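Colleague: I have a chain to look at and some quick questions. Can you walk me through it?

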Amino acid sequence: PGEVVLPGTPAITLGQLDKLTITVFVQEDRYGQINLGDRVVVNVDSFPGKVFTADVIRIADQAEYTPRNVQTAEGRSATVFAVELSVENPSGQLKPGMPADVKFSGE
C-alpha cells in the first residue's frame, strides 16, 4: 500500500525455474571437443557434493572475444566461444545468478 510503479517500470519478474539455461565460455582449444547433445556435470557451491547434469543445446559459431594480435598460441587461448546448456531443475534448488562449475567430458 502506498507504493507507486512508474509507467514502463517492471512491477514483477516471473520465471519458470524447472528448466534453466547456463551459458559458459570455452577456450578455442576446447571448442572442437564439444558437441550438441553432450551431457555435462554441473556443481554449485550451495549444494556441495550434489551433482546436476545439463545438456549442450547451443554452441556459438563465432568467438565472443578475439584479442587484437592472435599470432601466438598464448594469444589464441584468450579467444572464447559461448556454449549454452540446459539443466533440469524439478526440485527448484538451482536459482538464476548462482555461480556454477561445469565439467565437460574429458576434463
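Modeller: Let's start with T79. T79 sits in the loop between α2 (73-76) and β4. Helices (H or I, at least four residues) and strands (E, at least two) are DSSP runs, numbered from the N terminus. This is a predicted model: local features need pLDDT of at least 70, side-chain atom pairs count only at pLDDT 80 or more, and totals for chains, interfaces and linings use all residues. Residues are numbered from 1 along each chain as its sequence is written, and side-chain values use heavy atoms, with hydrogens and water left out.

Colleague: Is T79 buried or exposed?

Modeller: T79 is buried, because its relative accessible area is 9%. Buried means under 20% relative accessible area, exposed over 50%, partly exposed in between (1.4 Å probe, protein chains only).

Colleague: Zoom out. What pattern does the chain follow along the sequence?

Modeller: The pattern is β-α-β-β-α-β-β. That comes to two helices and five strands.

Colleague: How much of the chain is buried?

Modeller: Buried residues make up 27% of the 107 residues.

Colleague: And what share of the contacts joins residues at least 24 apart?

Modeller: The share is 66%, among contacts between residues at least 6 apart in sequence. Contact means heavy atoms within 4.5 Å.

Colleague: Now the core. Which residues touch the most other members of the largest nonpolar core?

Modeller: V40, V83, L85 and F104 do, out of 18 residues in that core. β1, β2, β3 (52-59) and β4 (80-88) each supply at least two of its residues. A nonpolar core is a set of buried Ala, Val, Leu, Ile, Met, Phe, Trp, Tyr and Cys residues joined through side-chain atoms within 4.5 Å. In soluble globular proteins, nonpolar side chains tend to be buried together.

Colleague: Take V83. Where is V83 found?

Modeller: V83 is in strand β4. V83 counts as buried because its relative accessibility is 1%. Leaving out residues up to four places away in sequence, V83 touches I22, T23, V24, V26, I34, V56, R58, I59 and F104. The C-alpha atoms of V83 and I22 are 8.2 Å apart, though 61 residues separate them along the chain.

Colleague: What does L85 contact?

Modeller: Beyond its neighbours within four places in sequence, L85 is in contact with L20, T21, I22, V24, V40, A54, D55, V56, I57 and V102.

Colleague: L20 is on that list. Which strand holds L20?

Modeller: L20 is in strand β1. L20 is buried, with a relative accessible area of 13%. Its C-alpha lies 5.3 Å from that of V87, 67 residues away along the chain. Not counting residues up to four places away, L20 touches L85, S86, V87, N89, L94 and K95.

Colleague: Switch to N89. Where is N89?

Modeller: N89 is in the loop between β4 and β5 (100-103). N89 counts as buried, since its relative accessibility is 1%.

Colleague: What lies by the polar atoms of the N89 side chain?

Modeller: The backbone nitrogen of Q93 lies 3.1 Å from one polar side-chain atom of N89. The backbone oxygen of L94 is 2.9 Å from a polar atom of that side chain. Leaving aside neighbours within four places, N89 is in contact with L17, D18, K19, L20 and L94.

Colleague: Last topic, pockets. What volume does the largest pocket have?

Modeller: About 180 Å³. A pocket is an open set of points on a 1 Å grid over the protein atoms alone, where a 1.4 Å probe fits, with protein on both sides within 12 Å along at least five of seven lines; lining residues have an atom within 4 Å of a point. Grid points are joined across faces, edges and corners, and a volume is the space filled by probe spheres set on the points.

Colleague: Which lining residues are the closest to its centre?

Modeller: T21, I22, K95, M98 and A100, out of 13 lining residues. β1 gives the most to the lining, with four residues.

Technical notes: Polar contact = N/O pair within 3.5 Å; in protein donor to acceptor, adjacent residues only side chain to side chain.
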